[in-house]
Structure formats: C-alpha cells, structure tokens
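Here are my notes on this one, written for a first read. Keep the viewer open and follow along point by point.

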Amino acid sequence: MLIFYYNTAMKLLIIEDEKTLAESLKTLLESKHFEVDAVYDGKNGLAYALLGIYDLVILDVMLPGMDGYQVAKEMRRGKCGTPILMLTARSALEDRIEGLDAGADYYLTKPFDTRELLACVNALLRRQGAQVDELSFGSTVLDLASGTLACQDASIRLSAKEFEIMRLLLQNPTRNLSKETILSHVWGYDSNAVENHVEVYIGFLRKKLTAIHSDLSIVAIRRLGYHLEVTDS
C-alpha cells in the first residue's frame, strides 16, 4: 500500500499586545518550522484559542480587554486543554501562583532568553505525547504523521488541504465551523481563496469518508458551517 507522508507543522498561538515582541517571537518560531498566529488583545486571543486548532498558546498577562489570567481561566472553563506558556514581567511568587492556578502550564518571566523560551515550548509539546500523533472520532482516525485517514482496515491518503480541513473538523468535532473560519485557518488570511473552495474540498472529503466506509458524516448547517456526526451503521 502506498503511504503518503505529510509533514504537518504544529500550530502555535501568540497572544501578546506588544506587537514588536509578538512579531519577533512569531519570526523565531516560524524559523523552527512552527505555524504561528499572533493576536494582540485578550478577547480575540480567547476566541482564537477556543477554536481548538492550536498545539500551544503563548499568553501574555497584561493584555487589553481581558488579561492573561482571565483568558487562561476561560480556556479551561471552555474545556480547552491546549498547553499554555504564560509570559509576564511580574516575577513575584504570588503572580506565578495566580498564573498556574488560572490554568497555565508554565510561567516564564520577561525578559527571557530565546533559548529558554524554545526549551519551554518543546517541553510542553512533548508533554502532550500521543495526543498529537492522531485524531479520532467515531471509528475514524486521522494519522497526523502520514496524513492518512483510516477506518478499521481501510485507509486513504489525503491531499494537504484535505488534511488540514479534516484536522480542523476532528479537533472541533461537534462545533460548527464556518466557511470563513476554515478559509482563514487552511488557506490563510491573505489568500484569494473563496467559500467555494471550502465546498469543493468538503465534497472531496465526503467521498473519501465513504470510500473507507467511515461512520462519520460532514454535516452542513446553513449559515453556521460544518461539523462531524457519527452515523448509525
């Protein structure tokens, strides 16, 4: 059987209101082959984090609109288990305890050495272990290393765009994802792609799910988007 090897980069989210720092961190992490989005305020940062598509969130404490402690608490309240690396200029023990109690996994004090930041990022990503090796829902599994979609003994390879859409759906299986959300996270904000591109690739994925006799269906809800459902056999 032909195996399709697809090297999927881990996705990181930076929530930092100092744009110069955010962009420098973004550049650093992209040079290490991560995919990185940067957001500059707490409310938008929380909205991005709750999409569930990121492998790690780098979160500043002092943010406009909603501070980092609130963002972390709302992420955990929303059942978002994405690891949080919290950044702050506050070095007091009480501040570190407050950050950890809010849901942060590690607390890094500014200023920091970039080598320490990268070590923290890699340690938190390693801690996820098998969680980042595959995604599953119902009887269907997406292998993140090979880009292969499988159901029991049947499997099929996905194209790069099919893989990214399926990954997004499996990370948010019961949440409706709008076409705009899929476009921005699969094609990028600066892309010329339109909503019809999403419809076409959803059609491709439906055919491939049928081909492997998957119990998953991609359900379209008018004006809300797409989500996954497990169908009765």
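1. A quick word on what you're looking at. This is a predicted model, where local features need pLDDT of at least 70, side-chain atom pairs count only at pLDDT 80 or more, and totals for chains, interfaces and linings use all residues. Residues are numbered from 1 along each chain as its sequence is written, and side-chain values use heavy atoms, leaving out hydrogens and water.

2. You'll find eight helices and 11 strands in the chain. These are DSSP runs numbered from the N terminus: H or I for helices, at least four residues, and E for strands, at least two.

3. Of the 233 residues, 47% are buried, that is, under 20% relative accessible area with a 1.4 Å probe, protein chains only.

4. Now look at α2 (residues 42-49) and α3 (residues 68-77): their axes lie 10 Å apart, at an angle of about 25°. Axes are lines fitted to C-alpha atoms over the stretch in contact, with angles from 0 to 180 degrees between N-to-C directions. That makes α2 roughly parallel to α3, a label for angles under 35 degrees. Gly-42, Leu-46 and Ala-49 of α2 touch Val-71, Glu-74 and Met-75 of α3.

5. Compare helix α6 (residues 160-171) and helix α7 (residues 179-187), whose axes come within 10 Å and cross at roughly 125°. On the α7 side, the contact includes Ile-182 and Trp-187.

Conventions. Buried means under 20% relative accessible area, exposed over 50%, partly exposed in between (1.4 Å probe, protein chains only). Angles under 35 degrees count as roughly parallel, over 145 as roughly antiparallel, 65 to 115 as roughly perpendicular and the rest as oblique. Contact means heavy atoms within 4.5 Å.
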